[in-house]
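Let's take a walk through a protein model together. Keep the structure open beside you and look up each residue as we get to it.

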Amino acid sequence: MIAGLEQGRARYAYDCARQGKELQASKEYKSYAKKIPTLIKTNGLGATVAFIAAKKKDDPNKKEYAYKLIYDQLTQWLVARGLVARGKELVDAIISLDSFSYRMVTVEVLALFKWVSRFAEGLIEGVADD
């Protein structure tokens, strides 16, 4: 059962990294994905998701579009796992969690981004400018 959960997380993370590789801002995607676990450990999940939400741009030609993809991928994963409510903005859903659920979602996001950053490191060449 645990192996199945970890495999599912790895599969989803691999698909996320492949989507990130297709972006014009693929190097930024790799850089941002690698920073997320550190941001969570330093600032907490709510502040990190709020940061991502503030930085994301809808224009695929801008490097901040990588934040939008990460935000959307994270939302999709957490909704699919039943950890946050469907149809609610991710920031709102996370800050509305009780303490136990907040810790559980934080652990899940850290585990997911461990995989995403590893796959992004392997799939995406180069380094972001900033």
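Start with a polar contact: the side chains of Lys-68 and Asp-72 are joined by one of 2.7 Å. Keep in mind that this is a predicted model, so everything here describes a prediction. Lys-68 sits in helix α4. Is Lys-68 buried or exposed? The cut-off for buried is under 20% relative accessible area, and Lys-68 comes in at 18%, so it counts as buried. If you skip the neighbours within four places in sequence, Lys-68 is in contact with Lys-56, Lys-57 and Asp-58.

Tyr-65 belongs to helix α4 too. Again leaving out neighbours within four places in sequence, Tyr-65 is in contact with Leu-23, Lys-57, Asp-58, Asp-59 and Pro-60. Now look along the chain to Ser-99, which is 34 residues away from Tyr-65. The C-alpha atoms of these two are separated by 31 Å.

For the protein chain, the mean pLDDT is 93, and 97% of the residues reach 70 or more. Confidence is lowest in α1, with a mean of 91, and highest in α3, at 97.

**The nonpolar core**

Next, turn to the largest nonpolar core, which has 34 residues. Which residues have the most contacts inside it? They are Tyr-29, Leu-78 and Phe-113. Six helices each supply at least two residues of this core: α1 (2–21), α2 (26–43), α3 (45–55), α4 (65–80), α5 (90–95) and α6 (99–123). The largest share is nine residues, and that share comes from α4.

**One side of α3**

In helix α3, Leu-45, Gly-46, Thr-48, Val-49 and Ile-52 are buried. Why are they on the same side of α3? They cover an arc of only 165° around the axis, so they end up on the same side of the helix. What do the buried residues of α3 pack against? Their partners are α2, α4, α5 and α6.

**Rings that pair up**

How many aromatic pairs does the structure hold? There are five.

| Pair | Centre to centre | Angle between planes | Type |
|---|---|---|---|
| Tyr-32 and Tyr-67 | 3.8 Å | 10° | stacked |
| Phe-51 and Tyr-67 | 5.8 Å | 90° | edge-to-face |

Stacked pairs need planes under 30 degrees apart, and the planes of Tyr-32 and Tyr-67 are at 10°, so this pair is stacked. Tyr-32 lies in helix α2 and Tyr-67 in helix α4, so the pair ties together parts that are 35 residues apart in sequence. Both residues of this pair, Tyr-32 and Tyr-67, are buried.

The other pair links distant parts of the chain as well: Phe-51 is in helix α3 and Tyr-67 in helix α4, 16 residues apart. Tyr-67 has a relative accessible area of 9%, so it counts as buried. Phe-51 has a relative accessibility of 33%, so it counts as partly exposed.

There's also a cluster to find: ring pairs link Tyr-14, Trp-115 and Phe-119.

**Two stops in α6**

Glu-108 is part of helix α6. With a relative accessible area of 7%, Glu-108 is buried. Which side chain does Glu-108 join through a polar contact of 2.7 Å? It's the side chain of Trp-77. Beyond residues up to four places away in sequence, Glu-108 touches Arg-9, Trp-77, Leu-78, Arg-81 and Leu-83. One of these, Leu-78, was among the residues with the most contacts in the core.

Ala-120 is also found in helix α6. Its relative accessible area is 0%, so Ala-120 counts as buried. Apart from neighbours within four places in sequence, Ala-120 is in contact with Ala-17, Tyr-29 and Lys-30. Take a look at Tyr-29: it is 91 residues from Ala-120 along the chain, and their C-alpha atoms are separated by 7.9 Å.

Methods. Residues are numbered from 1 along each chain as its sequence is written. This is a predicted model: local features need pLDDT of at least 70, side-chain atom pairs count only at pLDDT 80 or more; totals for chains, interfaces and linings use all residues. Side-chain values use heavy atoms; hydrogens and water are left out. A nonpolar core is a set of buried Ala, Val, Leu, Ile, Met, Phe, Trp, Tyr and Cys residues joined through side-chain atoms within 4.5 Å. Buried means under 20% relative accessible area, exposed over 50%, partly exposed in between (1.4 Å probe, protein chains only). Helices (H or I, at least four residues) and strands (E, at least two) are DSSP runs, numbered from the N terminus. The arc is that of the directions from the helix axis to the C-beta atoms. Contact means heavy atoms within 4.5 Å. A polar contact is a pair of N or O atoms within 3.5 Å; within protein, one must be able to donate a hydrogen and the other to accept it, and residues adjacent in sequence count only if both atoms are side-chain atoms. pLDDT is the predictor's confidence in each residue, from 0 to 100. Rings of Phe, Tyr and Trp (its six-membered ring) pair if their centres lie within 6.5 Å; planes under 30 degrees apart count as stacked, over 60 as edge-to-face and the rest as tilted.
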